[in-house]
Amino acid sequence: MSAPGFAPPTTSSTGLAAEALACLRGERLVFERLSFSLAPGEALVLSGPNGSGKSSLLRQLAGLGPLHDGRLLWNGTPVDTDPEAHRARLAYVGHQDAVKSVLTARENLTAWASLGGGGGEDEALATMGLGALADVPARFLSAGQRRRLGLARLFLRPVPLWLLDEPTLGLDAAAQAGLKAALARHLEQRGMIALATHVPLSLARSQELDLARFSPVRAAA
Amino acid sequence: MSIFFAVLRRDLMLALRSPAESLMTVGFFVIAATLVPFGVGPEPETLARIAAGLVWVMALLAALLSLDRLFQADYEDGSLDLLLLSPGQTEIMVLGKVAAHWLTTGLPLIISVPLLAVFLHLPLEALPALLAAMLLGTPVLSLLGAVGAALALGARRGGALTSLLVLPLFIPVLIFGVAAPEAAVADLAARPHLLILAGLFFGALVLSPWAAAAALRLAAE
């Protein structure tokens with residue numbers, strides 16, 4: 001059990017913990033024996049080359065991807081015992097923005113707010129600097145603005161766990177700074193963040209997880 | 001139940017903003033059915049005998065035409081991930097999408113049936129039975145179609161695959177949907193056929209959201 005990166009299961013666990021996760025894409029093993037534990041107020045920064053499984057891991061943490069091996073624990077309880085409760089405590093922003101072109105920016109957020117049981121669309125738009133564009137149909141938004149609209153969903157419903165896949169992609173310097181501030185605020189409020197990024201975000205209390213260490217190819221070499 | 005109405009409202013709003021898609025389904029239904037007299041000749045007796053069957057076959061094809069957009073757009077822009085992650089049961093979410101699909105395709109089809117009844121010399125006494133049969137049968141098309149559309153997600157030429165998957169399942173609806181107006185014309189009771197259609201509806205209502213939700217989870221992996 002002395003494989004690289006294998007941490008013994010945490011006993012006094014609040015927050016999210018993974019034990020010996022593995023991920024298969026097709027026939028290929030992307031990573032294996034991946035473990036970490038994330039306490040309230042902490043950020044987990046996923047790094048690694050393209051194809052090392054950052055997005056796949058985030059989807060596993062969200063409950064969208066299957067766990068091919070290992071366990072995912074929330075406060076010590078496996079999340080698959082109650083997937084609905086797990087969904088209620090996380091917010092996921094993936095590669096795609098899930099923005100509907102025919103709706104305005106505010107309508108996009110209202111649709112998601114009514115699905116998730118949240119509100120405060122105007123505050124969310126203001127946080128991501130989209131206040132002036134609230135009533136513009138989303139098809140007129142630029143790629144970066146659509147990204148910001150996708151990220152604005154994070155602020156609709158207070159949830160402890162944020163899962164972000166390359167959140168800075170396409171954002172300008174001001175929007176990146178705004179996002180950094182929002183992430184820091186979330187951590188201050190004892191939230192948890194797991195994110196994949198190629199841009200250093202210099203978050204307080206963050207741990208880095210290099211997925212290349214868990215790649216079976218690397219371990220064999 | 002709130003997720004049902006949230007998804008229903010969202011999808012109806014999206015359909016309202018791009019009405020061409022629903023109108024195209026109805027347009028196809030009307031044009032395809034009016035082509036038949038050119039093919040088989042305009043004799044009222046011939047048309048009257050096949051009118052009910054024609055209306056049903058065209059309705060099946062029109063429903064198929066609209067199925068590929070039921071989940072495909074959400075799958076492509078990443079909304080499907082968020083729908084699967086929204087708190088609440090995925091099966092209820094699927095029901096909301098099916099209800100919106102029926103309201104934007106099945107219901108307009110039914111409304112245009114009286115027009116086609118005139119074109120095709122449908123006996124007047126058959127019309128109430130045909131409308132009742134369609135009112136019970138078209139929701140079954142949406143429910144079973146949702147399973148096929150969910151299974152075909154991610155496949156190339158998904159529309160063709162959906163047709164292969166669901167057309168055989170539509171056969172009972174077609175048989176009893178045509179039997180009801182024919183019984184009315186022959187001065188027999190249409191009620192038994194309508195009751196069987198109602199049975200098919202309730203069976204599909206219980207089973208297909210469950211199957212479609214499982215297929216959607218697979219597609220998201």
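Tutor: Let's start with the rule for sheets: two strands pair if DSSP finds at least two bridges between them. Strands (E, at least two residues) and helices (H or I, at least four residues) are DSSP runs, numbered from the N terminus. You're looking at a predicted model, where local features need pLDDT of at least 70, side-chain atom pairs count only at pLDDT 80 or more, and totals for chains, interfaces and linings use all residues. Residues are numbered from 1 along each chain as its sequence is written, chains are lettered from A and ligands numbered from 1 in the order in which they are written, and side-chain values use heavy atoms, leaving out hydrogens and water.

Student: Which order do the four strands of the open sheet in chain A take?

Tutor: In general, strands of a sheet pair through backbone hydrogen bonds, either parallel or antiparallel. Here the order is β2-β1-β4-β5 of chain A, and the pairing is antiparallel. At the edges sit β2 (28–38) and β5 (77–78) of chain A, each pairing on one side only.

Student: How many bridges link β1 and β4 of chain A?

Tutor: Five bridges join β1 (residues 16–25) to β4 (residues 69–74) of chain A. Helix α1 (residues 54–62) of chain A lies across β1, β2 and β4 of that chain, at about 125° to β1(A).

Student: Where should I look for positive phi?

Tutor: Most residues other than glycine have a negative phi, and most peptide bonds are trans. In this model, A:N75 takes a positive phi near 50° in the hairpin of β4(A) and β5(A), which has two residues between the strands. A:A20 has phi near 55°, and its place is in strand β1 of chain A. A:R205, not a glycine either, has a positive phi of about 50°.

Student: Which side chain meets A:R205 in a salt bridge?

Tutor: A salt bridge is a side-chain nitrogen of Lys or Arg within 4 Å of a carboxyl oxygen of Asp or Glu. A:R205 meets A:E42 at 3.7 Å, N to O. A:R205 lies in the loop between β8 (192–196) and β9 (206–210) of chain A and A:E42 in the loop between β2 and β3 (43–47), so the pair ties together parts that are 163 residues apart in sequence. Over all chains there are 17 salt bridges.

Student: How many of them cross the interface of chain A and chain B?

Tutor: Four. One of the salt bridges in the model joins B:D74 and A:K100 at 2.6 Å, N to O. Buried area is the accessible area (1.4 Å probe) that two parts lose on being put together, summed over both. Chains A and B bury about 2,300 Å² between them, 60% of it on carbon and sulfur atoms. A:R87, A:K100 and A:L115 supply 29% of the area that chain A buries against chain B, more than any other three residues.

Student: At what angle do α2 and α3 of chain B cross?

Tutor: Axes are lines fitted to C-alpha atoms, for helices over the stretch in contact (heavy atoms within 4.5 Å), and angles run from 0 to 180 degrees between N-to-C directions. The axes of α2 (residues 20–40) and α3 (residues 44–67) of chain B come within 9 Å and cross at roughly 145°. Residues that meet include B:F28 and B:F29 in α2(B), and B:L54 and B:M58 in α3(B).
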